[in-house]
Amino acid sequence: MEINGSINRAACVLLSVCVALTSQERPDDAGGWWVDSDVRFQDEGSCNIDVLDGASLSYQQFIERYAYSRPVVLRGLTDNTVRVESSKHLRKFKLLCSKSTLLQEYGSRKVRLSTANTYSYRKVDVPFQEYVDKFLRPQSTDALGSDTMYFFGDNNFTEWQRLFDHYESPPYVLPHTSGAYSFGIAGPGTGVPFHWHGPGYSEVIYGRKRWFLYPPDKEPHFHPNHTTLSWVRDTYPNLPEHEAPLECTIRPGEVLYFPDRWWHATLNLDTSVFISTFLG
């Protein structure tokens with residue numbers, strides 16, 4: 001199907017159809033973040049990024065093929081979402097990220113929320129319990145980024161260190177860099193609009209997160225105060241072939257690597273728990 005002369009991409013469905021799933025469609029393991037009235041996108045769309053088994057890619061190959069040139073999705077690179085109880089790293093990270101455990105441990109502690117817009121950010125501090133009860137909900141298609149509060153990145157590392165101690169970060173670190181963690185939880189349809197910074201990894205613990213990426217020399221067309229959801233609805237379907245992004249959805253057990261200064265925007269397809277490792 002052609003849309004105003006643009007290319008045909010299956011992910012166009014992703015924008016237009018949001019449904020409430022029945023309990024029969026509940027994911028097997030959502031960590032308590034799923035509720036029957038939850039909203040998610042039916043179609044994940046296509047993936048035009050390399051997706052590899054982490055065990056099949058050596059560190060040298062990672063450096064030569066991806067580290068400075070293009071993104072890649074790696075499966076099985078860490079065991080943070082592995083279910084095998086004998087894995088000592090399961091020892092707790094995924095379980096510690098369940099809704100009941102996080103609320104018990106951090107419910108009364110304050111978290112810093114940021115507006116989901118580009119270049120200008122407003123910060124609000126609220127108790128974590130209040131964020132889950134009042135802010136963790138599906139994104140309205142008409143909301144502006146400046147009115148959308150997003151929990152990602154501004155963690156008090158002293159308070160959250162106990163959680164991060166159980167996280168197994170991706171093993172491939174760029175020369176002369178070290179990793180810094182950013183942890184987040186967000187509802188369906190939320191995400192951050194296009195922006196860029198240094199290289200890093202993104203891993204989903206619960207839910208699904210869709211990524212849209214452009215190389216540094218190919219700035220995407222976007223409004224800095226419009227959400228990713230509105231970009232996907234209004235701009236994405238009409239992009240000509242040469243302006244199409246690299247894109248893919250990552251799920252639990254998958255890690256996406258993005259190089260330095262690559263433009264990227266994200267869209268949570270479910271209520272998602274995720275963590276990034278920024279290399280600097």
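This is a predicted model: local features need pLDDT of at least 70, side-chain atom pairs count only at pLDDT 80 or more; totals for chains, interfaces and linings use all residues.
A search of the whole structure finds one disulfide. What is the handedness of the disulfide between cysteine 47 and cysteine 248? The torsion about its S-S bond is about -95°, so the disulfide is left-handed. Cysteine 47 sits in the loop between β2 (39–41) and β3 (51–53), while cysteine 248 belongs to strand β11 (residues 246–250), so the pair ties together parts 201 residues apart in sequence.

Jump to cysteine 97. This residue is buried too, with a relative accessible area of 0%.

**Asparagine 117**

Go to the loop between β5 (110–115) and β6 (123–127), where asparagine 117 lies. Buried or exposed, which is asparagine 117? Its relative accessible area is 8%, so the residue counts as buried. Show side chains here. Asparagine 117 and threonine 115 are joined through their side chains by a polar contact of 2.8 Å. Then select what surrounds the asparagine. Leaving aside neighbours within four places in sequence, asparagine 117 is in contact with Gly145, Ser146, Pro193, Pro224 and Asn225.

**Aromatic rings**

Colour the aromatic residues next. How many aromatic pairs does the structure hold? The count is 29. One of them joins phenylalanine 62 and tyrosine 201. Their ring centres are 6.4 Å apart, and the planes make an angle of 20°. That pair is stacked, because planes under 30 degrees apart count as stacked. Phenylalanine 62 comes from helix α2 (residues 59–67) and tyrosine 201 from strand β9 (residues 200–206), so this pair ties together parts 139 residues apart in sequence. Both phenylalanine 62 and tyrosine 201 are buried.

Now select a cluster of rings. Ring pairs link Phe93, Tyr106, Phe128, Tyr131, Phe135, Phe151, Trp160, Phe164, Tyr167, Tyr181 and Phe183.

**Charges over rings**

Select lysine 209 and phenylalanine 274. The charged end of lysine 209 sits over the phenylalanine 274 ring, 3.6 Å from the ring centre. Move on to tryptophan 196. Arginine 261 lies over the face of tryptophan 196, and the distance to the ring centre is 4.1 Å.

**Alanine 30**

Find alanine 30 in the loop between β1 (18–20) and β2. With a relative accessible area of 18%, alanine 30 is buried, because the buried class covers values under 20%. Draw a distance from its C-alpha atom to that of lysine 99. The two C-alpha atoms are separated by 9.0 Å, and the residues are 69 apart along the chain.

**Confidence**

Finish by colouring on pLDDT. The protein has a mean pLDDT of 84, and 83% of its residues reach 70 or more. Select residues 1–13: pLDDT stays under 50 over this stretch, for which the model has 26 contacts beyond four places in sequence. Then select residues 15–24. Here too the pLDDT is below 50, and the model gives this stretch 19 contacts beyond near neighbours in sequence.

Conventions: Residues are numbered from 1 along each chain as its sequence is written. Side-chain values use heavy atoms; hydrogens and water are left out. A disulfide is a pair of cysteine sulfur atoms within 2.5 Å. Helices (H or I, at least four residues) and strands (E, at least two) are DSSP runs, numbered from the N terminus. Buried means under 20% relative accessible area, exposed over 50%, partly exposed in between (1.4 Å probe, protein chains only). A polar contact is a pair of N or O atoms within 3.5 Å; within protein, one must be able to donate a hydrogen and the other to accept it, and residues adjacent in sequence count only if both atoms are side-chain atoms. Contact means heavy atoms within 4.5 Å. Rings of Phe, Tyr and Trp (its six-membered ring) pair if their centres lie within 6.5 Å; planes under 30 degrees apart count as stacked, over 60 as edge-to-face and the rest as tilted. A charge sits over a ring if NZ of Lys or CZ of Arg is within 6 Å of the ring centre and within 35 degrees of the ring normal. pLDDT is the predictor's confidence in each residue, from 0 to 100.
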